[in-house]
Amino acid sequence: MANPRLRSITWWRKWSRKDWAIAAVGFTLIVFLCTLISNSMIDQPFDHDHAIAADLVDLTLLHNAKDKGALCLDGSSPGYHFQKGFGSGSNNWLLHIEGGGWCNTIASCSLRKLTPLGSSKYMERRVSFSGILSPYSSQNPDFFSWNKVKIRYCDGASFAGNPKSELKNGTKLFFRGQLIWEALMDELLSLGLSSAKQALLSGCSAGGLATLIHCDDFRQLLPKDATIKCLADAGFFLNEKDVHGKQTMRSFYDDVFHLQGVEGSLHKDCVSRMEPSKCLFPQEIVKNIKTPVFLVHPAYDFWQIQHILIPDASDHNWRNCRLNIHDCNPNQIEILQGFRNSLLKALNEFQKNAEGGIFIDSCFVHCQTWMDHTWHSPQSPRINNKTIAESVGDWFFNRNIVKQIDCPYPCNPTCYNMNFT
Ligand SMILES: *[C@@H]1O[C@H](CO)[C@@H](O)[C@H](O)[C@H]1NC(C)=O
Ligand SMILES: *[C@@H]1O[C@H](CO)[C@@H](O)[C@H](O)[C@H]1NC(C)=O
């Protein structure tokens, strides 16, 4: 064994690099969003003034956040964007929780405090509603007229932190994810959610994980005779070793779990049965969800490839492949196919769930529901000629059983594959 002091120093260096990488994903997604928005603005010859007025939705800071102790990492009030439903959608609600990784150390949470993912001070005051949040039937055929809420993410632990874990020595970090969730639900219930006839709780990435964690809580809050379902987009994080055989993701989740005191937000049956931090993995969470769930997920999720499978950005052999799937050599493709097989294996039990739905496309992408381009457009990824929007709609309204699993890469020409080089 190496000198323990040395080991702890290299450990620190390694994680701090990873923390940066995780923070960087948030920015990558924002850049990606901007690119797609500007593309769709150029592609579509519609009235821009009208589009801008309808698509941009103001940030609302949670009322009484301070009284309820529902605070972002830095102590500011959390926020959401609300667009009122109309016509046939007036009594229906679609909630979408934004993603943005997690913070697993005091250092990474302290950095996050200085970004929109840790403080509402830095959040954009207006955001565009696109994809599953779009108010246009051509882009969002089933949910366009619903009440829609984009929930901002500023706690760093998928709305599952607990104040008992806060440091008592002057380090100002608020771990209030669970309290934010509860205060937010109170406020949305008072805005009309309490009389919803149909509702879909959704989220992407860390927001997809939050969706799974809170799916049954959400169901409990709403009328018994209402149709309530949950949709996790790119939220199925795998408990897999990296290419060097290390438990990178497992220990990352273990750190998040202990730092923020996540246990109280997870299912009791799970935490009593196994190492509690394992219960943060979706494959464990879905076993206990009673509400119908749909999983949208790319088989070659670039976030998971870059953080779970090949977390070391300086790994020379993998440098190109982890940034662009077209640059992977045959051996690397074989390893990626192994990762896809692990995903399908982890989903084995879920696939038998009669009320569940899945759409696993073979694309090198991450979130696909909140972007017009991947959700529902002529260029969207399709499986059996159905877009994600059509598949989710078929499942939500019981038009069809939806268990769509794409053939392995590179068979699907409709994929939108990211290129980070
Ligand atoms: C508080 O405690 C944590 C963990 O024990 C430590 O990392 C941090 O530096 C401490 N902060 C201060 C201000 O002493
Ligand atoms: C695929 O679906 C579109 C409508 O979304 C339809 O126009 C087209 O004919 C379909 N293609 C095939 C091969 O079924």
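Q: How many of the six residues of strand β3 (residues 92-97) are buried?
A: Strands are DSSP runs of type E with at least two residues and helices are runs of type H or I with at least four, both numbered from the N terminus. A residue is buried under 20% relative accessible area, exposed over 50% and partly exposed in between, using a 1.4 Å probe and protein chains only. By this scale β3 is mostly covered, and the number of its buried residues is six of six.

Q: What pLDDT do local features need in this model?
A: Residues are numbered from 1 along each chain as its sequence is written, chains are lettered from A and ligands numbered from 1 in the order in which they are written, and side-chain values use heavy atoms, leaving out hydrogens and water. The model is predicted: totals for chains, interfaces and linings use all residues, side-chain atom pairs count only at pLDDT 80 or more, and local features need pLDDT of at least 70.

Q: Which residues of β3 point the other way from N92, L94 and H96?
A: In a regular strand the side chains alternate between the two faces of the sheet. In β3, N92, L94 and H96 point one way and are buried. The buried residues that point the other way are W93, L95 and I97.

Q: Which strands are the edge strands of the sheet?
A: Two strands pair if DSSP finds at least two bridges between them. Ten strands form an open sheet with mixed pairing, in the order β4-β1-β2-β5-β3-β6-β7-β8-β9-β10. Each edge strand pairs on one side only, and these strands are β4 and β10 (403-405).

Q: By what angle are neighbouring strands of this sheet turned against each other on average?
A: Axes are lines fitted to C-alpha atoms, for helices over the stretch in contact, and angles run from 0 to 180 degrees between N-to-C directions. For neighbouring strands of this sheet, with direction ignored, the average is 20°.

Q: What is the bridge partner of I97 in β5?
A: β3 is joined to strand β6 (residues 198-204) by six bridges, and these two run parallel. In β6, L95 has L201 as its bridge partner. β3 and β5 also pair in the parallel sense, over five bridges, and the β5 partner of I97 is I151.

Q: How far apart in sequence are the parts tied together by R152 and E124?
A: A salt bridge is a side-chain nitrogen of Lys or Arg within 4 Å of a carboxyl oxygen of Asp or Glu, and the structure holds ten. R152 and E124 meet in one of these, at 2.7 Å from N to O. R152 lies in the loop between β5 (147-151) and α5 (177-190) and E124 in the loop between α4 (106-112) and β4 (126-128), so the distance along the chain is 28 residues.

Q: Which residues form a network of salt bridges with D394?
A: D394 is buried at 7% relative accessible area. Its side chain meets that of R399 at 2.8 Å, N to O, and R399 is partly exposed at 43%. The network links D394 with D142, K386 and R399.

Q: What share of the exposed area of ligand 1 does the protein bury?
A: An oxygen atom of ligand 1 is 2.3 Å from an N or O atom in the side chain of N169, and a nitrogen atom is 2.8 Å from one in the side chain of T171. Accessible areas come from the Shrake-Rupley method with a 1.4 Å probe, and for residues only the protein chains shown count as cover. Taken alone ligand 1 exposes 360 Å², and the buried share is 37%.

Q: What is the relative accessibility of A234?
A: Most residues other than glycine have a negative phi, and most peptide bonds are trans. A234 is not a glycine but has a positive phi of about 50°, and its place is in the loop between β7 (227-233) and α7 (248-260). A234 counts as buried, with a relative accessibility of 0%.

Q: What is omega for the peptide bond that joins Y409 and P410?
A: P410 lies in the segment after β10. The bond between Y409 and P410 is cis, with omega about 5°.

Definitions and conventions: A polar contact is a pair of N or O atoms within 3.5 Å; within protein, one must be able to donate a hydrogen and the other to accept it, and residues adjacent in sequence count only if both atoms are side-chain atoms.
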